[in-house]
Every structure is written in C-alpha cells, then in structure tokens.
Amino acid sequence: MPLPKAELHLHVEGTLEPELAFELAARNAVELPYADTDDLRKAYAFEDLQSFLNLYYELMAVLRTERDFEDLANAYLERAAAQGVRHAEIFFDPQAHIARGVPMGTVVEGLWRALGRSEDSHGVSTQLIMCFLRDESADSAMETLRAAEPYLDRIVGVGLDSAEVGHPPAKFREVYEAAAALGLRRVAHAGEEGPPEYITEALDVLGIERVDHGLRCMEDPALVERLVRERVPLTLCPLSNVRLRAVDVLAEHPLPAMLDAGLLCTVNSDDPAYFGGYVADNFHAVHDTLGLSTERMRELARNSFLASFLDHDEERRAR
Ligand code: ADE
Ligand code: ZN
C-alpha cells in the first residue's frame, strides 16, 4: 500500500499521456506531427524547461471540449488514487487554452465534471489552482483573473508558471493583490531555473504561502533560514528536476540537505506524463536513490497534508 499523501504540485495538462493525446487528436480531428505514441515519446528528451514547455503547449491542441478536460482529469485521478493520493491541489493553465479559442468555462466546467465527484469516484478530494503564464503580460494575467470570476467557487488559489528566467515575480504584483482581495490563496513557481532572489520576491511582493520548486533557495543560506523560520512549504518535484536538468542526476538532488536544514519539503510529480512518474514513483525514486529513511518518507507524506490548503479537520480526515 502506498503511503497516503497529498499532491500539491501537479499541472493537469502535464498528465496528458501519449495514448490519450492520440485518442483526443482523433476525436477532434487534430493532426499531431508524430507518427504514433512511440514517435511522440522520442520527443521527451528535454534540455531545459523551455524545451519541455514547447512540447507541453503543442500537445494541448488536442484539448478542445469539456469532455476532453473531464477525460484528462479522470485519467489523472485514477492514477493518483492508485499511488496513494488522498488530496490533490491541481494547477491548470487557462491562458494556454483561451489563446487557442477554448474559453475559460469549457476548461473549468470540464475539469469540474471529474473533480466535483472525485471524492466518491476515486477517494481523492481536490482543489483547483489557476496559474498565470509568467512569459505573458501582466495585463493578460489580469484579464484571465477577470474571466475566472464566475468560477471562483471552484478555484482555491492562483499560481505562476511557465518560463521563469527573465520573468521575475514582481511583474504580477497587481494581479496577485487582486487575487488576494478575492479571497484566493497564492503560490508561485520560483527558484526552479530562476535565482533565489525570485523566491524572496515572490514571498515579499506576491505574498505567496507556498513555493513551487524553490530548489535554488539552497544557494542563499539567509533565505533557507527564513523559509525554515516562517515554515514556508516547498513543493519539490525530483523526477522533473532531473528531466529538465535542474539537477544533473537524482543522486545529486538537494532534498536530503533541504530536509536536514529543517525546510518543510513536499514531493510531487509536476508533469508526470512527461517526466517518467507519478507521485508515488517520485517517492520511490528519492527513497531508493537518495537513501531517505522510512521516517523521512513518513515526514514527506505528513508534510504534504500540513502544506495543503485543507483546514485541520479536513486534513486529519484525508490522512
Ligand atoms: N508548466 C508546467 N510545468 C512547469 C514547470 N515545471 N515549470 C514551470 N512551468 C510549468
Ligand atoms: Zn510546475
């Protein structure tokens, strides 16, 4: 039995497995520039974050209808449940769909068809986090927040993702202030490829409650001390870091040093269809390769609930 856990860093579009991509392409008469699933998988040799994002956005072309988003979310929930996930806080990237003519309502209603009944169907409670694409403008992010207003009963918070370097968090100050005023929780990717200063800026300027990745905090001891003192959770994604070359090999991942430093670390899958594993696969990989003790593995599972947006009673029930 896999350890019960919460998944806090998961892009629903990053759960699009090649088989489902081809099925949806056929259903929607979308032509993919790959002969078959094997040919597509050959494109999964990434050099960095941008080389992954190029494919990630390209494959989204197959997601067109509510039913497509429902099928995508159900496929994830089925895998997640089998990996011990009891609660998932799920990112989605509305701008990438709106830009292709797929409205916000199609995305949210479609995802909700699966998420709204996932406690019954899969034993997994869920929340949605809407991400802004940081390589798009601040105005576009604000328009996206406005487009989401009719659906805020289904969205727990906002996040910030896509190409990090050259797109510091402060660009999104106003939209994060507006999100906070609407009662939304705030997280942001920071310190994945970008420098530790982006983590500090995301905390100070955007008021984030959790850092997505945050790996590069280890270059700044004063920042580590602050994250420990303020109990700021980090959502780490070890297999993603290897595939996107944020670390050379898993054996060199700083997770053990981060736990030893007292950081509130969690382990997650990011874009599991692309990075070779879902969340329990990430747990197994760090256990086997980094030699983490059973007690450390339990700590990671416990942290995932502590760092979630569940309230304390819900959190205890989910565990
Ligand atoms: N979008 C999907 N996965 C991402 C990641 N690992 N970093 C930034 N943006 C993303
Ligand atoms: Zn991510």
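Trainee: What share of the contacts in the protein with a separation of 6 or more comes from residues 24 or more positions apart?
Mentor: Keep in mind that this is a predicted model, in which local features need pLDDT of at least 70 and side-chain atom pairs count only at pLDDT 80 or more, while totals for chains, interfaces and linings use all residues. Residues are numbered from 1 along each chain as its sequence is written, and chains are lettered from A and ligands numbered from 1 in the order in which they are written. Two residues are in contact if their C-beta atoms, placed from the backbone, lie within 7 Å. Among the contacts with a separation of 6 or more, the share from residues 24 or more positions apart is 75%.

Trainee: Why is the protein said to be as compact as a globular protein of that length?
Mentor: The protein has 17 helices and eight strands, where helices (H or I, at least four residues) and strands (E, at least two) are DSSP runs numbered from the N terminus. The globule rule, 2.2 Å times the number of residues to the power 0.38, is compared with a radius of gyration taken over C-alpha atoms. For 319 residues the rule gives 20 Å, and the protein is as compact as a globular protein of that length because its radius of gyration is close to that, at 18 Å.

Trainee: Is E192 buried or exposed?
Mentor: UniProt, in an unreviewed entry, lists E192 for "active site", although such annotations may be inferred rather than shown by experiment. E192 is placed in the loop between β5 (185-190) and α10 (196-204). A residue is buried if 20 or more other C-beta atoms lie within 10 Å of its own, exposed if 12 or fewer, and partly exposed in between. With 24 C-beta neighbours inside 10 Å, E192 counts as buried.

Trainee: Which residues is E192 in contact with, leaving aside its neighbours within four places in sequence?
Mentor: The contact cut-off given above applies here too, with C-beta atoms within 7 Å. Once those sequence neighbours are set aside, the contacts of E192 are L49, E164, H213, L215 and A246.

Trainee: How are α8 and α9 oriented to each other?
Mentor: Helix α8 (residues 138-148) and helix α9 (residues 173-181) pack with their axes 9 Å apart and at an angle of about 15°. Angles under 35 degrees count as roughly parallel, over 145 as roughly antiparallel, 65 to 115 as roughly perpendicular and the rest as oblique. The helices α8 and α9 are therefore roughly parallel to each other.

Definitions and conventions. Axes fitted to C-alpha atoms, helices over the stretch in contact; angles between N-to-C directions.
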